[in-house]
Amino acid sequence: MIAAKPRLSPGLVPALVPGLVPVENALAAVRRQRGPEGTRGVLPGLLLPAGEPDGWLPAESFIAGGDRLDDLLDAAKQRWGASPHAAAALAWRSYTYWLALPVVLGWATARRVPLLDPDDVRWQVSVSHDRPLLTLGLRRARLAVLAGDPIATDPVAADHLAGSEPELLAMLRATLREQHLDPLLAALRTRVNLGERTLLGSLASAVAYAVVRGVEAPPADQVMAAGTLLTALGLTDLVDFEPGPNGEVAVRRRTCCLAFTLPEPKVCSGCCLRPA
């Protein structure tokens with residue numbers, strides 16, 4: 001079992017990398033809307049301090065499908081008292097949400113895409129209910145940006161330059177799906193019999209919620225931004241957008257994360273099981 005480790009103390013949190021300032025500003029918008037819980041699965045500033053403190057595992061250790069993936073699924077079962085299928089679905093939902101959040105917000109607010117090489121992404125796992133199952137940190141900051149971005153001429157700040165919006169979206173798809181989540185999905189499905197559509201529905205939900213919670217824009221612009229991302233990621237038929245009770249955008253899933261099967265059943269606010 002993966003042992004829970006203490007989170008970094010404030011004195012160990014590294015200074016924010018300038019290229020990531022728009023991402024942190026957008027995360028602050030999420031906290032204004034949802035409180036500290038809204039970003040608690042993302043390490044403040046995103047970066048781990050030099051030397052990598054104990055208790056942080058490389059994403060590759062899950063994607064490879066070895067013992068660490070089994071440990072993660074066991075942690076989810078222990079945390080929620082879940083069946084193997086529900087534990088896997090909920091672990092995937094947590095993983096995809098926290099992984100997608102800074103990438104989506106970086107693109108939507110500044111056209112800066114943090115790159116998610118599995119060797120650079122680090123995770124901390126906890127079974128404690130006062131912390132998220134997974135917390136994301138990065139070993140180093142690597143960004144893909146448009147060629148006209150102010151940081152584009154700084155090779156330290158920008159690792160990959162895109163000549164156009166479609167090219168940047170292709171980089172986003174490559175770093176989020178093709179090089180990271182698609183291999184993890186394949187590894188996960190060797191453990192449990194969960195449909196690809198069910199799992200990708202959680203990714204679509206993560207992308208949609210990241211936009212409506214972290215992009216401070218009129219509802220129509222939020223829907224357009226989310227739609228652009230979902231199209232680029234091949235997830236267009238997995239969520240719908242509806243008017244919320246206070247004029248905000250509400251997200252409704254077309255698939256279920258299986259939280260309703262828990263010993264204490266939960267039905268998410270945008271679940272397809274809720275009546276329209």
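User: How many aromatic pairs does a search of the whole structure find?

Analyst: The search finds 3 aromatic pairs. Rings of Phe, Tyr and Trp (its six-membered ring) pair if their centres lie within 6.5 Å; planes under 30 degrees apart count as stacked, over 60 as edge-to-face and the rest as tilted. This is a predicted model, in which local features need pLDDT of at least 70 and side-chain atom pairs count only at pLDDT 80 or more, while totals for chains, interfaces and linings use all residues. Residues are numbered from 1 along each chain as its sequence is written, and side-chain values use heavy atoms, with hydrogens and water left out.

User: Why is the pair of Phe62 and Tyr95 edge-to-face?

Analyst: The ring centres of Phe62 and Tyr95 are 6.3 Å apart and the planes stand at 85°, so this pair is edge-to-face.

User: Which parts does that pair tie together?

Analyst: Phe62 belongs to helix H2 (residues 60–63) and Tyr95 to helix H4 (residues 84–110), so the pair joins parts 33 residues apart in sequence. Helices are DSSP runs of H or I with at least four residues, strands are runs of E with at least two, and both are numbered from the N terminus.

User: Are Phe62 and Tyr95 buried or exposed?

Analyst: Both Phe62 and Tyr95 are buried, meaning under 20% relative accessible area, with exposed over 50% and partly exposed in between (1.4 Å probe, protein chains only).

User: What about the rings of Tyr97 and Trp98?

Analyst: Their centres lie 5.0 Å apart with the planes at 70°, so Tyr97 and Trp98 are edge-to-face. Tyr97 is buried at a relative accessible area of 13%, and Trp98 is buried at 9%.

User: Which residues do ring pairs link into a cluster?

Analyst: The cluster consists of Phe62, Tyr95 and Trp123.

User: Turning to helices, how do H5 and H7 cross?

Analyst: The axes of H5 (residues 165–188) and H7 (residues 219–232) come within 9 Å and cross at roughly 65°. Axes are lines fitted to C-alpha atoms, for helices over the stretch in contact, and angles run from 0 to 180 degrees between N-to-C directions.

User: Which residues make the contact?

Analyst: H5 contributes Leu169, Leu172 and Arg173, and H7 contributes Thr228, Leu229 and Ala232; contact means heavy atoms within 4.5 Å.

User: And overall, how many helices and strands are there in the chain?

Analyst: The chain has 7 helices and 9 strands. Of its 276 residues, 54% count as buried.
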